[in-house]
Amino acid sequence: MDTVGGQVNSAALTAQVRKERRDSDTPFVLDVSVEIPPGITILFGPSGAGKSTLLDCLAGLVQPDAGQIAIGGDVLFDSSSRTNLPSQKRRIAYVFQSLALFPHMSVEDNVSYGLTHLQQQERRARALEVLAAFRVENLKTRKPEEISGGEKQRVALARSLVTLPRLLLLDEPLTGLDAELKAAIVDDLRAWNAAQRIPILYVTHTRDEVDALGERVIAMDHGHVVSAGTPQQVLDAPRRKRLAQAAGFENFLRGTVVDVREADGVMRVRLDASACEIEVPLGYAAAGSRAQIAIRAGDILLATEPPRGLSARNVLAGRIVSLDQRGTLMVARVDCGVVFTVHVTPGAARALALAPEQQVWLVLKTHSCHLVDD
Amino acid sequence: MEALLLSIKLAACVSAILLLCGIPLAYWLANSQWRGKFLLESVVALPLVLPPTVLGFYMLLAMGPRGPLGKLWHALFGRRLAFTFAGLVIASVIYSLPFAVQPLIAAFENVDRKLLDASAVLGAGRLRTFWRVILPLSIPGVVTAVVLSFAHTLGEFGVVLMVGGNLRGITRTVSIDIYDHVQSLEYAEAGRLALALLGFSFVVLAIVYAVNRQLGRRTGRRLWTLWAAR
């Protein structure tokens, strides 16, 4: 990779990493293979999935047991040839969740920390340029403890990007910020990266951030990559329960496959603890096998009369158990033999005059029912 | 007053040497993954539990004309080591070693590991990380180490008696001098010296506590943990 006049020729990151951790109570194995092109890629998964361990391996803070890490053609780590570039030589920027700003240095000194190879004047100019790009140049003489959370996050981003890294790792750097502030910072990050075009790996475990950042998502769980693709591909059809929970699925139903209709691409599942059967998309299951189904509370329709003439195949009769307002959402719990969580708008709840003990019907589209593994 | 000045000179020399040797030793003890590290830790902590007479006895044997230290000293400088100021300094350095090293280890270990990781990914090697991040954030610990070794050396008695003897202007420190005066029933002279030592010690500690308090306000941490360890 060459640096010419501050312009960087971007290259993708490729990594195969295996790392076993025995220090905790539950043994943990990280075993992944990823390719990260320039632009923002989101690393999504529940806590404990191994996201931070992967980032530590990429940055050289943790040594993998085996594997290979390269940016473009430049090998940073290779267990077969015993290559292991130390962190300070990898030219990878890493923003930690705690941000790790140096508490005894001013904002400007923090930002110019990674620029020791430059002349004093050049160093100052570069630091002020990046502080301006992230709209915090007015804070340059302040100490980290004297600025707000959002400002700290901007300074931490500026500090890591001023060195013109080849890869940027972000470990939930924007947690605790409101959505508007978060979006503003991400816009500035995108603007900066429009010129640099480096791969950015952004770790999060919240669904909102995935939707806001878009582009590509890699989903991890139990140390493995479980799916990769666009946010829609990855999060709307999660294959694992823990991932589905993180992606915002509220209903998990267990049942037994009673009938497989391959020609129709569906199968019927009898739910445990109730006589009702629902139709779900065809999965790798034979009649008689066990299945687990995830359904978003927002994907369930609620009717106060028996619905007729619907394309939806699953209509379940039930009774409202409870009704709670959460922000701009009404959360209804409906007992159909199994209890479903259903989201409706407060307006709809008023129009239908919903109340506990009321008889209702739930409508589930076949393709809103997702088969998941444990 | 000659004895008091000698004590201050001894304490100053010992603190300076301990600062220079203690920092690398403490850094190594704070960071090493070596399995046998506990052995060295035990050796460093030995003066905390050994009676000064035992430590002084072994130091005297080592510094004597036939002891390893004494022989080495003679080969290097052509002089004897026992019952000299230099010998007193060496013995005091060993005696006060844990008082310098332990606050330094505590301070170095107290620095957030994420700051060290941040420094590394920003391109800094270990030495630069030490000078720019670890040491500045450990200043209260460094101050504690200097003050404790100074104060501990100023007040020592047993080791001085064993390896220094009682040579006026060379090894007769204030604590020895006070003891001598009391033995000779010169209570007025002993009282004068004792009061001077008390006043001096109090003033030094008061200044250091005040400075540490200011530093603590600025860096958000204070490290007076070892006062409780004794």
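**View 1. Strand 19 (residues 314-326) of chain A pairs with strand 22 of chain A.** The two strands run antiparallel and are joined by 6 bridges; strands pair if DSSP finds at least two bridges between them. Helices (H or I, at least four residues) and strands (E, at least two) are DSSP runs, numbered from the N terminus. This is a predicted model, in which local features need pLDDT of at least 70 and side-chain atom pairs count only at pLDDT 80 or more, while totals for chains, interfaces and linings use all residues. Residues are numbered from 1 along each chain as its sequence is written, and chains are lettered from A and ligands numbered from 1 in the order in which they are written. Within this pair of strands, Ala317(A) has Trp361(A) as its bridge partner.

**View 2. Strand 18 (residues 301-303) of chain A also pairs with strand 22 of chain A.** These strands run antiparallel, with 3 bridges between them. Here Trp361(A) is the bridge partner of Ala303(A).

**View 3. Strand 22 (residues 359-364) of chain A has a covered and an uncovered face.** In a regular strand, side chains alternate between the two faces of the sheet. Val360(A), Leu362(A) and Leu364(A) form the covered face. Gln359(A), Trp361(A) and Val363(A) form the uncovered face.

**View 4. Helix 3 (residues 52-63) and helix 5 (residues 85-110) of chain B cross each other.** Their axes come within 11 Å and cross at roughly 135°; axes are lines fitted to C-alpha atoms, for helices over the stretch in contact, and angles run from 0 to 180 degrees between N-to-C directions. The two helices are therefore oblique to each other (angles under 35 degrees count as roughly parallel, over 145 as roughly antiparallel, 65 to 115 as roughly perpendicular and the rest as oblique). On the helix 3 side, Pro52(B), Leu55(B), Gly56(B), Met59(B) and Met63(B) take part, and they meet Gly87(B), Ala91(B), Ile94(B) and Tyr95(B) of helix 5. Residues are in contact if their C-beta atoms, placed from the backbone, lie within 7 Å.

**View 5. Chain A touches chain B through 16 residues, and chain B contributes 16 residues.** On the chain A side, helix 2 (87-90) and strand 9 (92-95) are the elements that give two or more residues. Strand 9 of chain A provides the largest share of that side, 3 residues.

**View 6. Chain A is divided into domain 1 (3-91 + 164-246) and domain 2 (251-371).** The bounds come from an automatic or database domain assignment. The C-alpha centres of the two domains lie 36 Å apart. Chain A as a whole has 10 helices and 23 strands, and its C-alpha trace spans about 75 × 50 × 40 Å along its principal axes.

Notes: A residue is buried if 20 or more other C-beta atoms lie within 10 Å of its own, exposed if 12 or fewer, and partly exposed in between; C-beta atoms are placed from the backbone. Two residues are in contact if their C-beta atoms, placed from the backbone, lie within 7 Å.
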